[in-house]
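Student: Could you walk me through this one, starting from the overall fold and then zooming in?
Tutor: Happy to; let's look at it together.

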Amino acid sequence: MAGHNYARCCSIHIIPLDIAADTIELKELLGDMYASLEAKDLTKAGELETKINTLLESGNVTDKKILSESNYLLGTYYLFLSSDNQKALGYLEKSERYSEEADIHDSRYAKCLNNLSIIWYSIGNYSKALRYGERSLEVKRILAVKDSLILFSNYLNLASINLQLYNFTTAKKYAESGLKLAESYPGQISRNNIASLYLDIAIGLYRQDESAKALLYAKQAMNHFDPDAVAGTSSWSQVITSITLILEELNMPEQAEEYYRLGLRYTNRNNIRVNYYLARNYADYLIDAGKLKEAEGVLIRYLEMIKSVTGINSQEYSVTNALYSSLLYMMDKKESEIDRNFDNSFQYLNSHPWDNNTKRYVYEEYVKTLYLAGKYNDAISAIDNVTGDQSAYNDQTDSLLNADRNLSYMIDLLAIKYKSLDALIDLNGDDELIFQAIETGRLLTSIFDNNRLIMSEDESRANLSLSSRTFYTGLIKNYYTLYAHTRDNKYLEKAFEMSEKSKASGFLAATRQVNAKRFSIPPAMADIDTDLRKKIGLYREFISKEEAVEIPDRNKIAIWEDEIFRFMRSRDSLIDVFESEYPDYYRLRYNQKTATADDFLKENTRKDNLLSYVMTENKLFLFIINRRYKEVIVKDIDPSFISQLERFRTIVSTYPDVDNAREKCQEYMTLAYELYKFLVEPVEPYLVGNKLTVSPDNILSYIPVEALITEPYFSNDVLYRDAPYLIKKYRVSYIYSATLSSETKDFNLLIRNRALAFAPSYNDREISDSILTQYPEIRGRISSLPYSRDEASAVVSMCGGTAYLNDSANEALFKREVSKYSIIHLAMHTLVNDQDPLYSKMIFSHSLQTDEDDMLNTYEVYNTPLNARMVVLSSCNTGSGKLTSGEGIQSLARGFIFSGGHSVVMSMWAVEDYAGSEVIKLFYSQILKGEAKSQALRKARLMFLENADQKRSHPYFWSTLVVYGDDSPLYYNNLKYVGLIASLLVAMALLFFIFYRLPRS
């Protein structure tokens, strides 16, 4: 986040003179200098500076202790009263050297180091600022008692320095240490300094794409600023800027604009230097909104104001002018005018080579303009000038490439470089350019991978997947091109690796975090974490409901946000304990292993085929992997293909209407066959066996491939039953990714699996107004599902276990009992929230004896640990929800896999009560015979289809349920094992016969 380059908590409190001076005159001068600095008397201090320098230059003073003291006072004068960094730097470095030579490591020495840190920070050399800041803190810790208040200024400055270096974890550590001191010494640290610490954490979280969490910290920063001293100050401007950028990232443009206008209200010529970042970001916001003329007006106004205050050779002018130059290109201005404007920004960089933050921003705007103009080689050269030529930096500057530092600050430049290389590849197809693109793309995606791992919010992970998706799919294309040119399998393996990383990576990271807690943390501590997650989710639900009403109560929302913030900080502290004290937690959580094609083959049967899809804007990649083949097929796609998928989804998920039945039947058959030819037929020459494990992508996640047609079919009699469905040829299960599947697979077979079944009765239950506001389609009441109770009873009758029916099927019982069973079966109504999937709900029976509201939210499922080998969601739309590119469908079903379910049988649209119950009963009868879940569901569907009447043979009735996750059987296959035992007995009998027929000696 731009604009965070201020120095704070400066060490201006001078230690009283308590040492013997070489001359009485110098001692008196130093005493007077101390008093002048304390009084901030610039005139008097200037006179004393001249006299002190005269004495020092005479060479008569040789005592290193007093030389160190003298240079420290002179350096402090130039730093804080005359703002001459170069002179201050010279004197303070002398003071440091004399102290080192005299082996003086006192509090003045610590302050000298801290002031040197401040100077290097203000110059823009953050690596040197960090070294001096850490040394100062080290000395103070030796001198001070534990958690002494004198450490606060160091924590504050080190948080800011590490933030500029993109060392977010370390920045947060120092900020938290400062906040802890503020709690230990109430009222002794200014509110503005406390606010600055919250702001540091907010900016770090924002830069790591954890925007929802960042917003809470930024609002805390705003709440802590002194209301009598905020308007127009640097810190006030920065917190407003931070909030606006975070709100933009959260796709809340109206609220962002409110904050922009609030911040700019205080901008005038007297504080333009403070607020120019806010003005620049507001112009950027207007550009993104397509309001180019408004943006031009803002930038011209501020450029004139900056010019009058700082001149054109300033950081403020250089940065603002770079954005203006970029805007000129968008407004089709003359190229010469654009170049001339950028030259003004480069003029500042040439005279300030140490200012890397400004250099990075100016070059981002410059290379973005070059890229948009099609000057790809020029853009690449300019980027390499910033990131690749380390020889351009001397020991007084801070290289932008530093292996010891998080490289998130390079994302924008690397992204433009990758896009430029990709564009050049499309123009000339040079393999050398492909290798360069791969090198850049892998560095870029490694940054995304690292950031994803440290995120704590599911929303943040989903947003990252959305924004980074194009680079993973770009690498798939690059590797495929090399594979097509060389037929070298290593490029196919790399393409498959990127396909795995392009799908459900956020979900995988979240699941690994949960598993790390489950397998390495003591249960009591894990329960504390679960309880905190529940409380955070509950208050977020309160806020979600309140914001849905016509006039939300902002006071309530603010109170709930404070509660969320309190619980979130407690949870963050707990996670820090997990990571520091339980090495296995750290190892499991930060596991970055991606499944290979061979990993899939090791974990699945010899007759299994992995069919993994990846969709881009114009390509469909079909990866096929089995014991005989590893191949990838690429198909060109266009908007008409998307339209076909959407139309098929609409037909198959809509209750069939008798009007124009023949036409609709034929439309279905034609469309289903066309999609089959595109999605499955190309890989059939490579298939072994009849088992398909499908890893869908994007809109394909909504399509049950079992309902496709494998050959042309026409029926005058509208006979859906007789159509050559793909299910008649193959058995199908689904996975989010091979990597996630490998970590949730269960190879254990049991003789007995106890089932827990819930089937509520609703009795036309009335729904509250707050729910109706969010789900107007339910029209006030929820009707009962009579067949669901028969279904639940049948499941428990077959498998053993417990069925909660009618009024006993309440949410409290579910949460209490669910972890005790290996099969979970839920037959009930569901409300799907496509805008905020965490608040999709399964509706239980209403109970007056509990505190639950009998609506189980997805976020509650996430916080309900399971030990289930299979979860069956015989409810409407449990597999549907918000589709996020790179993550798939954010559904209720995902919550059950997240919480410990090995597999989920879910519905892709509304389940018709009777048909759904019949398919489920048949499914369980096959499960008990030891069939794999996909085979059991296939047989159940075929049996249902064979006996269905004309209407119920429509795929709407039988193809909604699909298997996601582990497809292995739950029970021993009795026939298989009886056959195996019989074979062994026959073999033993033959051996016995042969043995006794042999001649004896």
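Student: Of the contacts in the protein chain with a separation of 6 or more, what share comes from residues 24 or more positions apart?
Tutor: This is a predicted model, where local features need pLDDT of at least 70, side-chain atom pairs count only at pLDDT 80 or more, and totals for chains, interfaces and linings use all residues. Residues are numbered from 1 along each chain as its sequence is written, and side-chain values use heavy atoms, leaving out hydrogens and water. A contact means heavy atoms within 4.5 Å. On that basis, the share is 72%.

Student: How are helix 9 and helix 10 oriented to each other?
Tutor: Helices are DSSP runs of H or I with at least four residues, numbered from the N terminus. Axes are lines fitted to C-alpha atoms over the stretch in contact, with angles from 0 to 180 degrees between N-to-C directions. The axes of helix 9 (residues 191-207) and helix 10 (residues 211-224) come within 8 Å and cross at roughly 165°. Because angles over 145 degrees count as such, helix 9 is to helix 10 roughly antiparallel.

Student: Is Ala 373 buried, partly exposed or exposed?
Tutor: Ala 373 sits in the loop between helix 17 (356-372) and helix 18 (376-387). Its relative accessibility is 35%, so Ala 373 counts as partly exposed.

Notes. Helices (H or I, at least four residues) and strands (E, at least two) are DSSP runs, numbered from the N terminus. Angles under 35 degrees count as roughly parallel, over 145 as roughly antiparallel, 65 to 115 as roughly perpendicular and the rest as oblique. Buried means under 20% relative accessible area, exposed over 50%, partly exposed in between (1.4 Å probe, protein chains only).
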